Amino acid sequence: MEVLAEIYQSESRRVLATLIKLLGDFDLAEEALHDAFASAAESWPRDGLPANPRAWLVSAGRFKAIDRVRRRARFDEAKLDLVQRFEEVAATNASKSTQAEEIEDDRLRLIFTCCHPAIAPPVQIALTLREVCGLTTEEIANAFLISSTTMAQRIVRGKAKIRDAGIPFVIPSAADLPERLDAVLTVTYLVFNEGYSASFGASLTRAELSQEAIRLGRLVVELLPDPEAIGLLALMLLQESRRAARTAANGDLVLLEDQDRALWNHAYILEGEQLVQRAIASRRFGSYTLQAAIALGHARARTPAETNWREIVALYDALLSINPSPVVELNRAVAIAMRDGPRAGVVLIEAILQRGELTDYHLAHAARADLLRKLGDHVAAKIAYQNAIAMVKQEPERRFLLSRLASL
């Protein structure tokens with residue numbers, strides 16, 4: 001049933017978040033989610049699509065979960081009292097779910113639960129990406145450059161911590177929001193990045209994840225208009241504005257300098273510019289706002305030649321001062337190459353690689369290869385492209401790098 005697959009794609013994480021709120025148990029909620037969709041696959045073709053599929057799935061999942069708990073309790077009389085308490089809690093939570101309350105997104109509640117300070121930061125991020133956004137354990141592990149087994153253990157620990165510590169499924173009070181914000185913003189941006197540039201696979205992007213991150217970013221800004229929350233929303237909008245121009249008709253990668261800028265989403269650019277100005281005016285901005293300002297510098301340029309590389313390098317200098325990282329250094333090196341010539345960029349990138357910090361990062365080798373190609377050093381460029389190809393996990397990027405290598 002095609003419509004069921006579409007509803008699963010668009011609604012499953014919303015349904016799961018609500019089931020976790022109602023049931024108070026991650027694993028039981030996940031089982032209930034699958035039971036609900038299995039029930040829908042059986043009844044919807046016969047009875048027709050319900051008026052509110054999400055509400056139908058939540059209700060079906062809740063009752064399926066209660067049935068599961070009852071069946072398990074039949075084999076253990078000691079659990080009968082637990083079943084009764086569970087039913088009372090589920091019924092109480094369900095009675096609290098009003099239409100008005102649905103406006104306060106359950107996924108936002110779930111993010112704050114997953115980002116509770118009692119949970120270690122790496123576990124916060126892994127748990128939120130898995131439970132809120134539905135990324136697979138493999139996708140998350142790849143993003144963090146660790147094994148799937150290690151990532152699975154993090155997720156299990158996170159669920160156990162929430163259960164054992166009784167962490168509530170609520171949006172924090174105003175007094176507690178700021179300390180929880182950093183983790184929430186980190187998670188939101190990681191979700192966006194996976195959608196904007198998928199870590200591996202046949203597709204360059206995953207639009208549903210980018211849109212989900214932007215939607216969550218808007219909710220966070222509405223809930224807590226912190227300058228960095230505003231800066232992050234601006235950054236996501238400005239980057240997302242280029243989506244339609246980032247791939248060719250066959251799915252191949254199109255570099256920024258070669259993109260048809262008429263395809264850019266100018267409504268997103270305008271909104272992003274207003275948000276950047278708002279965040280900067282606060283004088284309390286940080287790395288997300290600076291990254292958004294860099295993205296705005298690209299968005300303002302009507303042609304690649306009009307890009308103000310001097311301003312972009314200065315912004316990277318500021319970003320590096322508050323967020324020192326080899327990836328920021330790499331991006332700064334590319335900007336310097338655009339300002340001062342490819343040789344200057346090669347020197348900086350080779351210094352980063354010699355430190356060993358980005359040895360396994362394919363984009364570092366790809367950037368070095370492009371600059372060497374511009375310098376006419378095709379032998380060194382060929383080796384650099386081969387290094388990048390050996391590390392890349394995304395098929396459109398692989399095809400792009402192979403085409404660059406073949407062009408030498």
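**Packing and side-chain contacts in the predicted model**

The protein chain has a mean pLDDT of 86, with 89% of its residues at 70 or more; pLDDT is the predictor's confidence in each residue, from 0 to 100. Residues 97-104 have a pLDDT below 50, and this stretch has seven contacts in the model beyond near neighbours in sequence, where contact means heavy atoms within 4.5 Å. This is a predicted model, so local features need pLDDT of at least 70 and side-chain atom pairs count only at pLDDT 80 or more, while totals for chains, interfaces and linings use all residues. Residues are numbered from 1 along each chain as its sequence is written, and side-chain values use heavy atoms, with hydrogens and water left out.

The largest nonpolar core has 97 residues, and Leu19, Leu23, Leu57, Leu110, Met236 and Leu238 have the most contacts inside it. Such a core is a set of buried Ala, Val, Leu, Ile, Met, Phe, Trp, Tyr and Cys residues joined through side-chain atoms within 4.5 Å; buried means under 20% relative accessible area, exposed over 50%, and partly exposed in between (1.4 Å probe, protein chains only). Helix α10 (residues 177-196) supplies the largest share of this core, 10 residues. Helices (H or I, at least four residues) and strands (E, at least two) are DSSP runs, numbered from the N terminus. Another core, of 25 residues, lies apart from the largest one and includes Leu330, Ile349, Ile352 and Val392. Leaving aside neighbours within four places in sequence, leucine 19 touches Gly24, Ala29, Ala32, Leu33, Val58, Gly61 and Arg62.

Isoleucine 230 belongs to helix α12 (residues 227-240) and counts as buried because its relative accessibility is 4%. Beyond four places in sequence, isoleucine 230 is in contact with Val221, Pro225, Leu275, Arg278 and Ala279.

Turning to the rings, five aromatic pairs are found in the whole structure. Rings of Phe, Tyr and Trp (its six-membered ring) pair if their centres lie within 6.5 Å, and planes under 30 degrees apart count as stacked, over 60 as edge-to-face and the rest as tilted. Tyrosine 8 and phenylalanine 37 form an edge-to-face pair because their ring centres are 4.8 Å apart and their planes are at 75 degrees. This pair links helix α1 (residues 2-23), which holds tyrosine 8, to helix α2 (residues 26-47), which holds phenylalanine 37, across 29 residues. Tyrosine 8 is partly exposed at 33% relative accessible area, whereas phenylalanine 37 is buried at 8%.

Tyrosine 189 and tyrosine 288 are also paired edge-to-face, at 5.6 Å between centres and 85 degrees between planes. Tyrosine 189 is in helix α10 and tyrosine 288 in helix α14 (residues 287-300), so the pair ties together parts 99 residues apart in sequence. Both tyrosines are buried, and together with Phe192 and Tyr196 they form one aromatic cluster. The charged end of arginine 246 sits over the ring of tyrosine 196, 3.8 Å from its centre; here NZ of Lys or CZ of Arg must be within 6 Å of the ring centre and within 35 degrees of the ring normal.
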